[in-house]
Structures are given as C-alpha cells and as structure tokens.
Amino acid sequence: MADETFRDEAEVTERGIDPFTEDPAARLAEQIAEQAERELEGPGLEPEQEVLTINMGPHHPATHGVLRLIVTLQGEQVIDLVPVMGYLHTGIEKSCEDKSYWKVIPFVERMDYLSYFFQMEAYCGCIERLVGLEIPPRAKYLRILHMELDRIMSHLVWLGTTALDIGAISMLWYCFRERDRILDLFEMSSGQRMHTRYFQVGGVFEDIPAGFEQKVRAFCEEMPVRIDQYEALLDRNEIFLHRTRDVGVVSRERMLELGVTGPLLRAAGEPWDLRKAEPYLAYGDFDFKIPIGTVGDGYDRYRVRLQEMRESVRIIEQCLDGLPEGPWIADDRKYVLPPRDELSTSMEALIHHFKLVTEGYRVPPGELYYPIESPRGELGCFVVADGSSKPARVHFRDPSFVNLQSLRDMSVGGLIADLIQNLGMLDPIIGGVDR
Amino acid sequence: MPDAPGLELIAQGIEEGRQNTVIETSFEHDRATLVVNPEGVLHVLTWLRDTPEQGYTFLASVHAADYLPATPRFAVHYELLCRERVERIHVKALLEDPAAANGDSPSEAGLPEIDSCTELFPTADYQEREADDFFGIVFRGHPDLRRIAMPDEYVGWPQRRDFPIGGEPVLYTHNEIEAPRWFE
C-alpha cells in the first residue's frame, strides 16, 4: 500500500503538474528565455504568408453534393488541392451483379442523377450490342428525343446552381422553372419525373402519348427565347464576367492528357463530340453543330453549354419532324416482353412473359465497352456477361469522375473564390463520381 | 475500329518490339481486343501511343474485372482511342491471383501487381486508384495509391466476386443494442 502511494506522488512530480512542487522562479526564467528567442527570430509571418490547410466539404453547399476538398491556402491563394471522394459511394456496380439484366436499369439510372436517360442508353445499348439486337428506327428517335431533353435539363440545373454559386440567385429560379417543364414532359411520356426507366433493352417502354408532340413543340418554341433571356441576364453582368473571364484556364493539350471530355474539352477548343465522331443511334440523321470555345476559361464553358442547349432544341425539333412510324420496341420475344393483349390469347406469349419476368434473359458470354456523349462528356458502360441471366460486371466510366482530375490544374495559383467558380463550371455530379 | 487484319498487324508490330507480349487477339462485336501479358502492358500502351501510324493518344477508360472461376482471375482493361481516325482498341491485361496458387489468404500471398500507366496517361490516376480500391490490384509506380471510394481503414476489396453482398451492418435505433460500442 505504501509503495503505491509513493509511486503516484513520484509520477505527479515528474510530469510537473503539481503547482506546489514547481518553482515559480524557474517558470519565470523559462518565459523570459522564450521571449528572447522569439525576438531573435524576428517578426512572425504576416497572415497572408502563412500556409493554412482547410477542409472544404463534404457538406459545403458549393461542392454540389458531398465532395471534400483539402485545400492548402496561402492567404487567399490556393497552392494545393486534393479532392477526397467516396462520401456518396453506394456500391451500385456491386449491386448490379446480383440483379438480372432488366433489373439493372433502375440501378444505373441513379448513378448520375441528372442524366438518367444517358445512363440507360449506355447500359441498354451495351446489352443490345452484346446480344445483337437491332432496335427499330422509332425507338432510336424517341431515345434521342428524350436524351436531348435530358441534356437541356441537366444543363439548366448546372446553369442555375453555378450562377447561384457566383452570386446570381435569380438564375436558379428561372432555370428550375424551365427544368420543371421538361420534367412534366418526362412524366407525360413515362409516368415518372426523374429516374423514368423509359428505355428498355430493345427499344423504349411505351410509345409517346397523344398530345406529347404538341407539348414538346411548344417547349421548343419557348426554350430559345428563354436561353436568350438567361444570356441577357448573365452576359452583361459585370460581376459574372469578372468572376468567369480568364479564370481556370487549362490548355487543350493538358485537358486531353487528363482525359477530360465533354463541354470542358470543347471550351478549350477541341471539337470532340461522340454524337458527331461516332454517331450512335440515329445521330447521323440530324443537322447540328458542335460549339467550341477559344480560351478555355469559365466564360467559354458557360457559352459552350448555353449553345449546346440551343443545338439540343434543334435536334428535338428535327426528331419530331422526322419521327418514323412503326414499332417502338424490337420484336424479339427472347429479350422483349410480349404485348399485354397477347397474354390472354397466346400460350407462347405467356411462357415468354413468365420466363422474362422470373429468370430474365440470358446474354451470351462476352464483354463490351460502349461510350456515348452525356452532358458531361464520354459516358462509357462496360459489361462483362458470363452467359447467365445476371451481369458479371457492370462498370461505368463516368465523365464527372475523370473530369474532376482537372480541378487541381484549374485552381492552383488562383484565389479560393475562383475555386468555387471552377468547381461549378466543371459540373461534377457526385452521384456519378462515387457511384 | 481497326478491322481483323489490321489488328493482326498491330499485334505483329508489338511482338517485334518485345517478344511474347500479345497472348491473343480477338475481334468481337465490331471491337478489336488485344489480350496481353501484364509484364508488357507498358510496352503495348507506349507502342500504340507513340507509333506514328497508330496514334492511340487518348486513354478513354481503365477498369478492372474479376473472372473468378477462370484463371488468370483478374484483368485490367484499357480503352484506347485514336481521335484522328475515331478508332478504338481494347487492351486487356490478364493478371494471376497470387493467392489462388497455394490457397493462402491475400494477406499472406500478396496482391496481383501491374505497372501503372500514369506516366503515359495522367488520366489513369483516379481510375487506377478505383481498381486498386475495389479489386486489390496494386499498380506499381502509381504516385498516390490510396483507397478512393471506400474508407481508408476498410479491409477487403468489395467488387471481387467472392466478396458477399450486404455484409455491412447498418445501424438503426432499433438494433443499436445489438451492435455494442457502435459510437466508437
């Protein structure tokens, strides 16, 4: 017992936290010595020169989701930047391996939650190529119609939120007003406003309803006027111009090295668009232009996206003009559900329906990477089929994920306020980055 | 796409530079595939990128896949693109699983390794980290090989085929008693 008490006392004195045993004179001497040392070193660094590492996010409103940026600052200047991802990782690719092929479609839609039609097209197109299924011309046109509406919708969300980050609050309300009209159209054709599951392997789920065409035409008439109005609001806005011009410039060569695609690459002056370069579906039938920028700053990225919305409107109009008659889904009972009315009369149809719904169709062994042009760049879907009714691997090459690598090049050397602008103009969708 | 004879010429050109690099060529679904030895993958990528008449200068995607019952078990896929001719070529590097040979656990036998192509294509940075995170494939020479989507202290490689779905306990108020010391 006595031993223990003694040890406790000894520890206390050793750590020097006992005020009674400490010598006040010694402490004073120490303080004086420290003071002298500080004076010898000279004046400390000014606040602008000190290096400060801060955490931006994951819950920062300007990161458009849950992106975390570890930013090293000197004063207000960004000297280093490390993005940290994974806060929205939900293991979609893993979950897809446990679903039959047709049940994967709603999963992949939810990756990049603004461009769900593109995710569906990448996946369905990949499966169609693996099984060798040709889709009817009307389905191609309907797919393009919905994808271009989706492109406008995605760019509208981008414009509203990025302008909000830069300080133009009213843009958000205007853009979301138009976006709502597009969502109404989606609701009309498929019953859902978002994540519509409208595309099927073999075509589209349902033909467009009566009256849809008039509504889309009315939208197409109005949209160019609206885009002019957005331009009028932003293009002569002194603050907007100062915030975006000559900010975040990355050269075309560096963009290509980093694998950046989509509007970012086009703003840097490279006319690369998969819709023109390798026309998938029926994009070869349409007359549209690829807008490109010259400098590659934030302003160019904004202009390129606005012009892309105009071109999308043109594609939609041509799509309605040339919409072919005929079936909207392929007539292959091994992969496509039979029409509902046949189920009560045809035994064959009933068997096919039962097999397709319970087990699903089987895809012959093979693997394929199928790229398309999403609003953010090259969206590729890679599927490995092992001959069963479930995919062995579904992987998405998401453009936001790859494009995010260019944020460091855009932002280092600039101000922290420009970092917000760069991130907005980059337009990453964290659901797609983390998957 | 290079057609089937064009693919054979490419394979020949690669073999001239380095023997036993191309294991197999295949041409399916209108797509040219070079199956290569993992030791020679940097040679293949450099050759495809720097040979003037090839010019596959853009790396569209790098991803991995696990073909579990098969050996070699893993593959790293490179999707290369020539923007001038709009041609794509698919390079597939097959990787043995060191743990499969003697039945040891991955911690004892080590992980499959392949050279990183970040020097050739800086775009591969995040995508190689992703492959490493989900499949446990080590990219030699990668500047910053950390987990990218999973937490840093996570154990295991979730997209391997033998990793179970739904193994992660999810905490709700009704089962927090069953998960002792959940707050740590």
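Trainee: How many residues does the contact take from chain A and from chain B?

Mentor: The contact takes 32 residues from chain A and 24 residues from chain B. Two residues are in contact if their C-beta atoms, placed from the backbone, lie within 7 Å. This is a predicted model, in which local features need pLDDT of at least 70 and side-chain atom pairs count only at pLDDT 80 or more, while totals for chains, interfaces and linings use all residues. Residues are numbered from 1 along each chain as its sequence is written, and chains are lettered from A and ligands numbered from 1 in the order in which they are written.

Trainee: What makes chain A more spread out than a compact globule?

Mentor: First, the parts: chain A has 18 helices and eight strands. Its radius of gyration, taken over C-alpha atoms, is 29 Å, well over the 22 Å that the globule rule (2.2 Å times the number of residues to the power 0.38) gives for 435 residues, so chain A is more spread out than a compact globule. Along its principal axes the C-alpha trace spans about 105 × 70 × 35 Å. An automatic or database domain assignment divides chain A into domain 1 (2-41) and domain 2 (89-434), and the C-alpha centres of these two domains lie 68 Å apart.

Trainee: Why is β6(A) called largely enclosed by the rest of the structure?

Mentor: Eight of the nine residues of β6(A) are buried, so the strand is largely enclosed. A residue is buried if 20 or more other C-beta atoms lie within 10 Å of its own, exposed if 12 or fewer, and partly exposed in between, with C-beta atoms placed from the backbone. In chain A, 46% of the 435 residues count as buried.

Trainee: How do you know that β6(A) and β7(A) pair?

Mentor: Two strands pair if DSSP finds at least two bridges between them. Nine bridges join β6(A) to β7(A), which run antiparallel, so they pass that test. They form a hairpin with two residues between them, and A:L368 has A:V383 in β7(A) as its bridge partner.

Trainee: What makes a set of residues a nonpolar core?

Mentor: The set must be buried Ala, Val, Leu, Ile, Met, Phe, Trp, Tyr and Cys residues joined through C-beta atoms within 7 Å. The largest one here has 155 residues, and A:Y123, A:V383 and B:V76 have the most contacts inside it. Helix α6 (residues 137-166) of chain A provides the largest share, 15 residues. Not counting residues up to four places away in sequence, B:V76 touches B:V62, B:A64, B:A93, B:L95, B:I114, B:A131 and B:I137. In soluble globular proteins, nonpolar side chains tend to be buried together.

Trainee: Why is A:D246 called exposed, while B:L68 is called partly exposed?

Mentor: A:D246 has 12 C-beta neighbours inside 10 Å, so it meets the limit for exposed. B:L68 has 14, so it falls in the range for partly exposed. A:D246 is in the loop between α9 (238-244) and α10 of chain A, whereas B:L68 is in the loop between β3 (58-66) and β4 (74-82) of chain B.

Trainee: What makes strand β5 of chain B mostly covered?

Mentor: Seven of the nine residues of β5 (residues 87-95) are buried. The strand pairs with β4(B) in the antiparallel sense over nine bridges and with β2 (residues 31-36) of chain B in the parallel sense over four bridges.
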